[in-house]
Amino acid sequence: MAAMGFFFLDPILSLLGATDLLWEDCRAYLEPMIIFAPIIVVKFVFDSFFVTAGRPELGFYLSIASGIMNVVLDYVLLDYYSFGVGGVAYATVAAYSCSAVAGLIYFLNKRSILSFSRFSFEPRTILQAMSNGSAQMVNQLSVGVTTFLFNILTLRYAGEDGVAAITIIFYAEMLLTAVYESAAFSAGSTCITSPTRPKSH
């Protein structure tokens, strides 16, 4: 999918409604994001596995560290070195890559609850996983479609400045959602792994 996105980037930008004013910035941002998309996907997969492995706090701390690293690199590459929007993309890629590497190191450790093992193709297990994740897939698709419609309408009624403003709003919303979900996962994991024991008399 990353390869297809890279080779068909211009038609995708046209389909998504990029204007002439935004075209170069869109290309500069999307090219590194698409090239490193597999690493970014692995990072988010590891976030879920940390919860399953009973270490949601580790995924939370890595996400915080990744976010701080992203902000610092944004400033350095965008303001100090004037790399433009492409620099912002590389800052994001670098931050996600570090988080993904940390997850890779953790799950390569055989002493953890979850670790890598030899691959075996199990169609039934894969279908069960797809069925179990279908609700989250619909949720993510709805977010993507909603964001796309917001961008199209904002571009029509408020122009490029409006798109920039709503992007800031979406990023703030994503940050607050990430904090909320991390706290919720941590609380749920604590309830499951550390049940309250009855007092002995």
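Student: Which helix does Thr92 lie in?
Tutor: This is a predicted model, where local features need pLDDT of at least 70, side-chain atom pairs count only at pLDDT 80 or more, and totals for chains, interfaces and linings use all residues. Residues are numbered from 1 along each chain as its sequence is written, and side-chain values use heavy atoms, with hydrogens and water left out. Helices here are DSSP runs (H or I, at least four residues), numbered from the N terminus. Look up Thr92 and you land in helix α6.

Student: Is Thr92 buried or exposed?
Tutor: Buried means under 20% relative accessible area, exposed over 50%, and partly exposed in between (1.4 Å probe, protein chains only). Thr92 has a relative accessible area of 8%, so Thr92 is buried.

Student: Which residues is Thr92 in contact with, leaving aside its neighbours within four places in sequence?
Tutor: Contact means heavy atoms within 4.5 Å. With those neighbours set aside, Thr92 touches Tyr29, Met33 and Asn70.

Student: What about Asn70: buried or exposed?
Tutor: Asn70 sits in helix α5, residues 56-80. Setting aside neighbours within four places in sequence, its contacts are Ala91, Thr92 and Ala95. Its relative accessibility is 14%, so Asn70 counts as buried.

Student: Which residues does Tyr106 contact, leaving aside its neighbours within four places in sequence?
Tutor: Tyr106 belongs to that largest core. Apart from those neighbours, its contacts are Phe50, Ala53, Arg55, Leu58 and Ser112.

Student: What phi does Ser82 have?
Tutor: Ser82 is in the loop between α5 and α6. At 56% relative accessibility, Ser82 counts as exposed. Most residues other than glycine have a negative phi. Ser82 isn't a glycine, yet its phi is positive, about 55°.

Student: Which element has the highest mean pLDDT?
Tutor: pLDDT is the predictor's confidence in each residue, from 0 to 100. The protein averages 85, and 91% of the residues score at least 70. Over residues 192-201 the pLDDT is below 50, and this stretch has 1 contact in the model beyond near neighbours in sequence. Among the elements, helix α8 (residues 134-193) has the lowest mean, 80, while the highest, 92, belongs to α6.

Notes: Core = buried A, V, L, I, M, F, W, Y, C linked by side-chain atoms within 4.5 Å. Helix = DSSP H or I, 4+ residues; strand = E, 2+ residues; numbered from the N terminus.
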